[in-house]
Amino acid sequence: MSDVLRHLGTHYHYVIYIALMLIGLFAVLAKGNLIKKVIGLNVLQTAVFLFYISIGRKADGTAPVLWDQKPETIPYENPVPHVLMLTAIVVGVSITAVALALIIRIKRAYGTMEESEILVLDESDQQGSA
Amino acid sequence: MILAIDLITHGPLLSIGICLVGLLGIVAARKAPNVREGISLTTAIANFVIVLLLHARFRAGADIGGTLVEIVPGVSLAFRVDALGILFALVASGLWIVNTLYSIGYMRAHHEPRQTRFYSCFAIAIAACMGAAFSSNLFSMFAFYELLTICTYPLVIHAETPEARAGAKRYVTYLLGASICFLLPALFLIWSAGGSNPTLDFVSGGLLAGSEASHMTLGAAFLLAVAGLAKCGVMPFHSWLPAAMVAPTPVSALLHAVAVVKMGVFGVCRIVFYVFGVDLLAELGVADVLVVAACFTIVVASLVALVQDNLKRRLAYSTISQLSYILLGAALLAPAAGLAGVAHIGFHAVSKITLFFAAGAIYVALHKTKVSELDGVGRRMPITMTAFAIGSLSMIGLPPAAAAVSKWYLVEGAIDAGRFAVLVVIVISALLNAAYFLPIVWRAFFNPVPEGEESGRHEAPWPCVAALSITALLTVGLFFWPDIIVDLAAQVAGYGGGAD
Amino acid sequence: MLQHLPVLTIMVPMFAGLLVPLLARVHAGIVRPLTIGALGFSCFAAIHMLLHVQGGHPIEYAMGGWPIPTGIGYRVDGLNAMVLVMIAVIGLLTALWMRRSIEDELPAAARPGYHAVLLLACTGFLGITITADIFNLYVFLEIASITSYVLIAMGRRRQALYAGYSYLIVGSIGATFILLGIGHLYMRTGSLAMADILAQFQANPDLYGMSDVRMAFAFLVVGLAIKMALFPLHGWQPGAYTHAPSASSLFIAATSTKVSAYALYRIVFSVFGTEVLVSGLPPVRDALLAMACAAIVLGPLIAISQGDLKRLLAYSSVGQIGYIVLGLMLLDERGLTGGIIHFWNHAAAKGALFCVAGALVLRTGAARVDDLAGLGRRAPWTASAVTVAGCSMVGVPLTAGFLSKWYLATGALATDRLYVVPVLLASSGLTAVYVWRILQKVWFAPADVEPRVGAEVPWSMRLPTLVLAAACLVFGIAPWSVEFARDAIAALGIAP
């Protein structure tokens, strides 16, 4: 038991990222409102960002900016995950932008943002055309 | 000279090619029926001449063939002329000429629609037959086998009536279904049985002779292959054949007495003699399954034929029964029986096509399709019904008709193999054949023309009569001079030391 | 210039994609030539690289001159050269094909943008294929995905918007999983260069036992399975294919899911090593085999009852992607050959069929299977293309599809997975049912039915259709694709 607790104590960032991820997934899957789904997606992505940042962490690390010290002499944070996440954040923003643009068009075309209502309308469309 | 060179390397291709050239001609001349039919006939004759030349060169000992393209190692599109192939090619190409003649008379008399599609598909069908006949490996044969199924579909659905659609659906479901479900896995198994050097080539004496694959695998492969060749009409994979009788009579005649069904039994002969080999099959013991299925089919199909009133359906069931003679001959694994089976491919073809021609002629001239309506037809159409009588004799196995020869050898083979039960089946079947054919002949010649019908002579158009006379004469001729077919069959079956 | 071909293959369509909307304001006529030119260049480059890598001469390219593993590397070997050719050729044919189709389906203002998005999608797919850096793969995957969402959502009916949105949500979840997988892998190996990671696995097979490596592999496989619409994760696909503009359906159906399948090949061979399937995580292999077999049978089974041609083809794609995954999971030379040639074979057949679906939409306004009635009479060229492509889908001998099935089946026999053979045959049989249903309508419609298709489509649409249909025959008779696949397998290190 104490092992588990100690593990949680040193690896609490995993707990946070998994919790965030599940919250995000829950919102994406369970919410009917299209915007809430996108918010869920953003939470999910944020969980991944946090995960990446946390794996670049080094105890007592500083910013990976070298002035005059040799890199071996001081601990510093791994910069690669940060850089990767910059890209991923850009990707996430782009996806959110496309999603919101689509939601605006959906709202105009269907007059609603609720998934259940859209499905009903789609079905009646199909019956109308058949 | 050029032709001679080409015949050696590309003879089989030439034969397929001429059919396809004919196809182009037929499509190009679709607006001019006379030219179109002229091209059909010319192509048929040219093809037959090529096959005859190939036959002559083959008899002279030439090794004709080559590989066109290798698709997978050991799996190629390749051709080679051998005894079984040239026999099938001779039968199919020779009867195509007669059948084209007959078609012209039949289709015109009937003012059938879609004649260009009809002649085009016929040309492709013959090309497929030539391709299968000359295939030097199982894959090539499989490819042309499938092509034949696909290109005969438009012929079966020709009338495009609901019955034609239903019949065509059944036709394609059975044939494609069986070949996908059974023949294709058999190919996989046979190819894989080759171990590190897999191949599908036909080898005289058996490709798999000496294979290290387990008996279980080989036995399964044999049964799958035979079941996959549903065109041979063995029960329980036969019901496409009566369904296909919705097609116009020339189609039933050539395809369902000669090309399509013969492709099926030809395939089984290939499997027995060239893929597995008689010795291996004797060791495996699986050929007995085929013997039983064939005997069952022979008797049951004859019984069913007995109660059919529709003439074409009766002929269809007779075909199913007769095809099983060929299977039986191959499956008995005795040289004489093998000879009988292979020779029956040719003899049954000329006899059965005569019967179909006669049935079609009666339909064209008098619009009768039922056996019960045939009273006195012999007096109105004496030539046709005489031909029909000759065909019937051949089916029963009585001289002077061709199939008597093959039945004789089959009896010899059954005795050699020590299968007396098979002898009983052959005798019963001959009696049944007599029971469903002779009443037709009797009715036609000895019953009076019914009241209220004209009684003057009224034969079908001359091309039809000419065609059926030719095949009837062939049926008799082959009884007296059967050597052309029997020699080839003896080579295939290794009869009398004639193995190649 | 030649040594820069790997990067130019990607960059030319990308910059063309950026230029198109700008130049369209100046002169609208430039959009189409520029698009075709850029994709034509990619095509040329891809084919050139394919021929160059034959015989085991992979092309390595370091972006900006940064040495690998510090910088991002591109690497072209026999496998991805084939996929590059597939993407570029389909892209080019789509660009050639789509003029009349998008004039019909898209408003004039949207057309330059559509060209730009298509070019960027092509960039994304090509990038996924060519890169040798696993994070770069993710970035290109997102470029391809975002553009695909847009390509789909531009369909003229409102269902297209919702289909695009659904795909966006599902696709983003898949991509996030992939990102997580990459993170776990990086956590253990400290590297993003594929070759570097593979070297670590080969040096230290104990890594396969590490829980984070297992997490990484599982996340990557699930993410990619969503992206490639592997049964039962295919839910997004039928709606997306059905409602997208015809040109999008054509391009995405013929490339998108297969590029994700390629990514799975790459991750197995070049990141984890094939050992991950054999001794590392065999349950994943079993699960993927089961999913592939289920897809192969159920895809065509569901397709049979569809009334909409595009939806029918979408379900058929669900089955076809199963072949590619199956080929990989057999991990046998023959099976892999079957899987790899199926990239080309399926692209050709499905491409031709979606061309026909697009032609049907152009002529009748919808893609109903029933509207194919009488096509053979009115549009014999298009009808012939359906016939050939359909036969290839079934696997008729001498068409490309037969070879795929042949190699997969014999590969299964060679690895003693007998159950695969009936699965493949059942799939052939079921495919034959729906193809026959289509061909029946095309060629044997009752004479009294007036065909809804009035006339043949213009040559700009007909020619790409015929090229793709011809490819189905060529790849079935002249086994070039097999030669290339063998070379690819040799380069991947599975001994022939």
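A: **The interface between chain B and chain C**

In this interface, 32 residues of chain B are in contact with 29 residues of chain C, contact being heavy atoms within 4.5 Å. This is a predicted model, in which local features need pLDDT of at least 70 and side-chain atom pairs count only at pLDDT 80 or more, while totals for chains, interfaces and linings use all residues. Residues are numbered from 1 along each chain as its sequence is written, chains are lettered from A in the order in which they are written, and side-chain values use heavy atoms, with hydrogens and water left out.

The area buried between chain B and chain C is about 2400 Å²; buried area is the accessible area (1.4 Å probe) that two parts lose on being put together, summed over both. Carbon and sulfur atoms give 79% of this area. On the side of chain B, the residues that lose the most area to chain C are B:Ile71, B:Ile180 and B:Phe188, together 26% of what that side buries.

Strand 1 (65-72), strand 2 (75-80), helix 5 (138-156) and helix 6 (162-192) of chain B each supply at least two residues of the side that touches chain C. Helices (H or I, at least four residues) and strands (E, at least two) are DSSP runs, numbered from the N terminus. Helix 6 of chain B gives the most, with 12 residues.

Between chain B and chain C there are zero salt bridges, a salt bridge being a side-chain nitrogen of Lys or Arg within 4 Å of a carboxyl oxygen of Asp or Glu.
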